[in-house]
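User: I'm new to looking at protein models and would like a close look at one part. Could you walk me through how a pair of helices packs together?

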Amino acid sequence: MQRTRWLEVVGFAVAFVAVHAVLWWLTSISANLPLGDVTITYRRWIETGHASHFWVGIDEDWVYPILAIVPMAAAALGGVASIGTGWLVLMIVLDAVACGFLWRFRGLGVRVVWWWLAFLLALGPIGLGRIDTVATVLALIGVAFVATRPAVASALFTAGAWTKVWPAALVGVLLLLRRGHRRGVLAGALVLTALIVLVDVLYGGAAHLLSFVGQQTGRALQIEAPLATPFMWAAAFGVPGAAVYYNQEILTFEVSGAGTHAAAAVSTPLMAAVVVAGVVLALWAVRRGAHRAEAAPLLALLFVAALVATNKVGSPQYIGWFAVPIVWGLVAGRPSARRFLPVAVAAIPMALLTQVIYPGFYDQVLTVQPWILVVLTLRNALEVGVLVWSVVAIVRLGLGAARPAAGRAVVTPGRMDA
């Protein structure tokens, strides 16, 4: 038995190194600069900070929460000129740390880290090349503590949120469904937030602390967003006014045409409506007697799917967010793992299609070639499909509950198979 365990550890270590070597290689050979944000944008921010002591998020408004500057600066410790190499090394170390925390958890008898490794390989170099990797790793480690130490999980989700916002939704899930531990969940989030705010204020960044909140409001439809798909096809068919253009102000490609402004305007209200509907359905399900441990990852998946599928921004790294609720669902007990198996399987082609889009053939997306628009449409359909699946799964969980929760013992949430 001991020998078998060591063989599995060695086998996983070899697979981990091989997958990350492939991702590093793909990063270096791609013509579409999957590490461009790091070597161009992040590098410029850090160079400016070192040279003139003028730091984004502290001395001026910034698109990211303030904690995002920490891994960027850490990647440049070996020299700003080598920030790309430093970034890749740092991301691989963080991935290894996450695997260490998740190693003991199984879903249907299989270690869940094997699924995550396959997902990373399918997603490609974008899985390492953005600040989202840091937030995702923090959230994945947080999942490992949901059952036993929800306050720690909340703190880790909060750290992720102060890096790339979206993990704040996971704190919301714990507050809604981790009954009996809400005080600890709230304390974990507030204590870490207070520490971050205190350090930021001491460095003189109070005026810009929340500047990231309004940075996305003026954006139009990014070309990869699901809401942009019909307009991309309109551009491909030569519909007057429909075209891809580069937004110089925020450094992204967007699509123009009749109806794009309305679609962008409806994006945020639509997202809010889906999130509120998900909360109502999840609370209804647990009131009918559904286990909170099973409802929580479903609600987390609904939140993430809503943030991606209804977003006017469709950045490829967003697909990496799906790993967190899927891993959460796979480790939350056998019934949950069985329920999450279809979406875990579907996430692999969704990630692979994303790699084909970016960095694979992004130049052909920009020129609206029909074949790559088919790939983009399929990927976006999978995003919407996961959102619909999560809604249906919550409804089925509620309908399948044995009896109303009133009058019976509360089920301790967060059980995981180890």
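Analyst: Let's start with a term: a crossing of two helices is called left-handed if the near helix is turned anticlockwise from the far one by less than a right angle, and right-handed if clockwise. Keep in mind that this is a predicted model.

Now take helix H1 (residues 2-29) and helix H5 (residues 112-123). Their crossing is left-handed. The two pack at an angle of about 15°, and their axes are 10 Å apart. Angles under 35 degrees count as roughly parallel, so H1 is roughly parallel to H5.

Who's doing the touching? On the H1 side you'll find Glu8, Gly11, Phe12, Ala15, Phe16, Val19, His20, Val22 and Leu23. H5 brings Val113, Trp114, Leu117, Leu120 and Leu121 to the contact. Sort these residues by kind and you get 11 nonpolar, 2 polar and 1 charged.

How far can you trust the picture? The protein has an average pLDDT of 93, with 95% of the residues scoring at least 70. Residues 404-418 are another story: pLDDT stays under 50 there, and the model has 40 contacts beyond four places in sequence for this stretch.

Trp162 sits in helix H7 (residues 150-164), while Phe212 is in the loop between helix H9 (182-202) and helix H10 (229-236), so to speak a link between distant parts of the chain, 50 residues apart.

Definitions and conventions
Residues numbered from 1 in each chain as written. Predicted model: local features only at pLDDT ≥ 70, side-chain atom pairs only at ≥ 80, totals over all residues. Heavy atoms only, no water. Axes fitted to C-alpha atoms, helices over the stretch in contact; angles between N-to-C directions. Helix = DSSP H or I, 4+ residues; strand = E, 2+ residues; numbered from the N terminus. Parallel < 35°, antiparallel > 145°, perpendicular 65-115°, else oblique. Contact = heavy atoms within 4.5 Å. Nonpolar A, V, L, I, M, F, W, Y, C, P; charged D, E, K, R; others polar. pLDDT = per-residue confidence, 0-100.
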